[in-house]
Amino acid sequence: MAQDFAKAFYNSTAWISCRKSYAKSVGNLCERCLARGLIVPGKVVHHIRHIKPENIDDPNVTLSYNNLILVCQD
């Protein structure tokens with residue numbers, strides 16, 4: 001669940017669009033499982049470098065494909 005400071009970001013059009021396009025760009029598959037040779041649908045687009053109050057307004061952290069990974073529930 002998103003922390004209070006990040007709720008507006010996670011409900012933003014920019015994030016929703018970024019999340020959908022990122023998942024599509026990696027074939028909608030869990031990247032960690034795929035690296036192990038497993039084909040598992042991805043469920044959550046996760047920020048590698050966590051979003052904090054100090055960087056919530058930095059698109060290089062929040063919206064950059066270089067800071068995202070698609071993972072499964074497991």
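Predicted model: local features only at pLDDT ≥ 70, side-chain atom pairs only at ≥ 80, totals over all residues.
Local features were considered at a pLDDT of at least 70 and side-chain atom pairs only at pLDDT 80 or more, whereas totals for chains, interfaces and linings use all residues. Residues are numbered from 1 along each chain as its sequence is written, and side-chain values rest on heavy atoms, with hydrogens and water left out.

With a disulfide taken as a pair of cysteine sulfur atoms within 2.5 Å, the structure holds 0 disulfides. For Cys-18, the closest cysteine sulfur belongs to Cys-30 and lies 18 Å away, which is too far for a bond. Cys-30 is likewise in no disulfide, the nearest cysteine sulfur being that of Cys-33, at 3.6 Å. Relative accessible area was classed as buried under 20%, exposed over 50% and partly exposed in between, using a 1.4 Å probe and protein chains only. On this scale Cys-18 is buried, with a value of 9%, and Cys-30 is also buried, with a value of 2%.

A pair of aromatic rings is described by the distance of the centres and the angle of the planes. Rings of Phe, Tyr and Trp (for Trp, the six-membered ring) were paired if their centres lie within 6.5 Å, and planes under 30 degrees apart count as stacked, over 60 as edge-to-face and the rest as tilted. A search of the whole structure finds 4 aromatic pairs. One of them joins Phe-9 and Tyr-10 in an edge-to-face arrangement, with 5.1 Å from centre to centre and 70° between the planes. Phe-9 is buried at 11% relative accessible area, while Tyr-10 is partly exposed at 28%. Together with Trp-15, Phe-9 and Tyr-10 form one aromatic cluster.

Tyr-22 and Tyr-65 also form an edge-to-face pair, with centres 5.0 Å apart and planes at 80°. Helices (H or I, at least four residues) and strands (E, at least two) are DSSP runs numbered from the N terminus. Because Tyr-22 lies in helix 2 (residues 13-25) and Tyr-65 in the loop between helix 4 (59-62) and strand 2 (68-71), this pair ties together parts that are 43 residues apart in sequence. Tyr-22 is buried at 5% relative accessibility, whereas Tyr-65 is partly exposed at 37%.

The loop between helix 4 and strand 2 also holds Asn-67, which is buried at 6% relative accessibility. With contact defined as heavy atoms within 4.5 Å, and residues up to four places away in sequence not counted, Asn-67 touches His-46, His-47, Ile-48, Arg-49, Asn-60 and Val-61.
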